[in-house]
Amino acid sequence: MKQLDITTKVDVLAYDELSASEAILTSLAREATERSYAPYSHFRVGAAIALDNGETVTGANQENVAYPSGTCAERSACYYAHARYPEARFKAIAVAARGTDGEFVADPVAPCGACRQALLEYEILAGAPVEVLLCGRDKVYRLPSVASTLPLAFTEF
């Protein structure tokens, strides 16, 4: 039997340790939580994607009573980014969330599996790692790539 050890490097940073571009991206993700439509879960998520053409696209989760017809913030942002700028490649994504109390969550939350898989496809399209910034109330988790969030990803397409 062979055994695989899978590890993921995660930097844990205070907001004042972020680079200028990371600070802007996390701020945009946090702002995007205000555009969430979450009347059922009351869990509001925002995402911001930096593109290689200098543009930044944001998205927010959108719920619907006909569950699961809504969409997550990450997919809302990535699908809009590619629809609006099909030639641009993703450079980084930031994700922020507010809990049911309306406050930013203490610990950063990661994208769901469907979002990780969708984002991975755009990382593959970019041909380079897409940095992931997961925003909590007082700290940010920085991961080197979308692939690092989904180590046993389905990539045979």
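A crossing of two helices is left-handed if the near helix is turned anticlockwise from the far one by less than a right angle. The structure shown in these views is a predicted model.

**View 1. Helix 2 passes helix 3 in a left-handed crossing.** Helix 2 covers residues 73-84 and helix 3 covers residues 113-126. Their axes come within 9 Å and cross at roughly 30°. Angles under 35 degrees count as roughly parallel, and helix 2 and helix 3 are therefore roughly parallel to each other.

**View 2. Residues where helix 2 meets helix 3.** Helix 2 contributes E74, R75, C78, Y79 and H82. Sorted by class, the contact of helix 2 with helix 3 has eight nonpolar, one polar and two charged residues.

**View 3. A cis peptide bond leads from Y67 to P68.** Omega of the bond from Y67 to P68 is near 10°.

**View 4. H42 has a positive phi.** Phi of H42 is near 60°, and H42 is a residue other than glycine. H42 is placed in the loop between helix 1 (20-32) and strand 2 (44-51). The relative accessible area of H42 is 42%. Buried means under 20% and exposed means over 50%, with partly exposed in between, so H42 is partly exposed.

Conventions
Residues numbered from 1 in each chain as written. Predicted model: local features only at pLDDT ≥ 70, side-chain atom pairs only at ≥ 80, totals over all residues. Heavy atoms only, no water. Axes fitted to C-alpha atoms, helices over the stretch in contact; angles between N-to-C directions. Helix = DSSP H or I, 4+ residues; strand = E, 2+ residues; numbered from the N terminus. Parallel < 35°, antiparallel > 145°, perpendicular 65-115°, else oblique. Contact = heavy atoms within 4.5 Å. Nonpolar A, V, L, I, M, F, W, Y, C, P; charged D, E, K, R; others polar. Buried < 20%, exposed > 50% of the residue type's maximum accessible area, 1.4 Å probe, protein only.
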